[in-house]
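Please look at the sequence and the structure first, and then read on.

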Amino acid sequence: MGAGIEFNQAAFRHGITEERICYALKRSQYEGPMDDYENKYIVLGFDNSGNLLEIFYNCIDDETINVFHAMKCRSIFYPLLDE
């Protein structure tokens, strides 16, 4: 993941703050490409309150990502933690 993080307003739709997103990104438990999508990635990580978040982003360039989705992790993504 690149050093820079940009945020689409949609990333905050579920009430997750920028601080919580950044915390989870830095402590990711899983990161990988989304199946069937080009340039769409998922991160599962714990925020500063211990909540597991799902975060989706696109790469803008080699140094910057654009976070466009963040919410409490849905159970459909739990199996990724075993990879």
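## Fold and overall form

The chain contains 1 helix and 5 strands (helices being DSSP runs of H or I with at least four residues, strands runs of E with at least two, numbered from the N terminus). Starting at the N terminus, the order of the elements is β-α-β-β-β-β. The chain is as compact as a globular protein of 83 residues, because its radius of gyration of 12 Å is close to the 12 Å given by the globule rule (taken over C-alpha atoms; 2.2 Å times the number of residues to the power 0.38).

The model is predicted: local features need pLDDT of at least 70, side-chain atom pairs count only at pLDDT 80 or more, and totals for chains, interfaces and linings use all residues. Residues are numbered from 1 along each chain as its sequence is written, and side-chain values use heavy atoms, without hydrogens and water.

The C-alpha trace spans about 30 × 25 × 20 Å along its principal axes. Of the 83 residues, 39% are buried (under 20% relative accessible area; exposed is over 50%, partly exposed in between, with a 1.4 Å probe and protein chains only).

## Two residues with positive phi

Asp 36 lies in the loop between β2 (28-33) and β3 (41-46), and the loop between β2 and β3 also holds Asn 39. Neither residue is a glycine.

| Residue | Phi | Relative accessible area |
|---|---|---|
| Asp 36 | near 70 degrees | 81%, exposed |
| Asn 39 | about 60 degrees | 29%, partly exposed |
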